[in-house]
Amino acid sequence: VFCTGSKVYDKDKKKCVDPQESSLERDERYQTVRQLAYAGRYMDAQNVLDTMDPADPGRLTYMGFTNRKLGNLDVANMFYEEAIKADPANILARSYMGQGFVEEGRIPDAVAQLKLIRAHGGAGSWAETSLRNAIATGKTYSY
């Protein structure tokens, strides 16, 4: 169920509510964030992220992603760096950061992130494949 604005569907309440009033668990909030981001609703996704633990590496990763998609590359990189600092094996943050580097034409930096994804066991993962394809084609992903 898609809700309007930054509201989320609360399955317990069976209606759309403000994210801070939701009974959604952490993983359900991330699923909502991904759905909003995939729909191009980056600000709405950020409103959901704002209801989560500010230090959670997943939250930091998606704050980076949404800021990158909104064109705030410096802010995005700050969030990615914090996510990676909290969890150096966060291959999703590395992939998204690398895709941002591709968008900026910083291919050597993107390749460095690709190598680190592989070093952290991410060979063959979506994170590795999407960054490898972005480096090869110049096209990044919106999810």
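This is a predicted model: local features need pLDDT of at least 70, side-chain atom pairs count only at pLDDT 80 or more; totals for chains, interfaces and linings use all residues.
A few ground rules come from how the model was handled. Local features need a pLDDT of at least 70, and side-chain atom pairs count only at pLDDT 80 or more, while totals for chains, interfaces and linings use all residues. Residues are numbered from 1 along each chain as its sequence is written, and side-chain values use heavy atoms, with hydrogens and water left out.

Helix packing comes up here with two pairs. Helices (H or I, at least four residues) and strands (E, at least two) are DSSP runs, numbered from the N terminus. Helix H1 (residues 26-38) and helix H2 (residues 42-49) have axes that come within 8 Å and cross at roughly 165 degrees. That makes H1 roughly antiparallel to H2. Here axes are lines fitted to C-alpha atoms, for helices over the stretch in contact, and angles run from 0 to 180 degrees between N-to-C directions. Angles under 35 degrees count as roughly parallel, over 145 as roughly antiparallel, 65 to 115 as roughly perpendicular and the rest as oblique. Now for the other pair: helix H3 (residues 57-69) packs with helix H5 (residues 91-103) at an angle of about 20 degrees, and their axes are 9 Å apart. H3 and H5 are therefore roughly parallel to each other. The crossing of H1 and H2 is left-handed, and the crossing of H3 and H5 is left-handed too. A left-handed crossing has the near helix turned anticlockwise from the far one by less than a right angle, and a right-handed one has it turned clockwise.

Next, the charged side chains. Searching the whole structure turns up nine salt bridges, each being a side-chain nitrogen of Lys or Arg within 4 Å of a carboxyl oxygen of Asp or Glu. One of them links Arg26 to Asp56, with the closest N and O atoms 2.9 Å apart. Arg26 sits in helix H1 and Asp56 in the loop between H2 and H3, so this pair ties together parts that are 30 residues apart in sequence. With a relative accessible area of 43%, Arg26 is partly exposed, whereas Asp56, at 11%, counts as buried. (Buried means under 20% relative accessible area, exposed over 50%, and partly exposed in between, with a 1.4 Å probe and protein chains only.) Another salt bridge joins Arg59 and Asp50 at 3.4 Å, N to O. In that pair Arg59 is buried at 9%, and Asp50 is partly exposed at 49%. Asp109 and Arg106 also meet in a salt bridge, at 2.8 Å, N to O. Both are partly exposed, Asp109 at 32% and Arg106 at 31%. Elsewhere, salt bridges that share partners join Arg26, Asp27 and Asp56 into one network.

Most residues other than glycine have a negative phi. Lys14 is not a glycine, yet its phi is positive, at about 55 degrees. Lys14 is found in the loop between strand S1 (8-10) and strand S2 (15-17), and is exposed, with a relative accessible area of 63%.

Finally, the surface. Tyr38, Trp126 and Tyr143 form a nonpolar patch there, with about 360 Å² of accessible area together. Patches are made of residues with over 30% relative accessible area and no salt bridge, joining like charges within 9 Å and nonpolar side chains (Val, Leu, Ile, Met, Phe, Trp, Tyr) within 5 Å. Accessible areas come from the Shrake-Rupley method with a 1.4 Å probe, and for residues only the protein chains shown count as cover. Trp126 belongs to helix H7 (residues 126-137) and counts as partly exposed at 34% relative accessibility.
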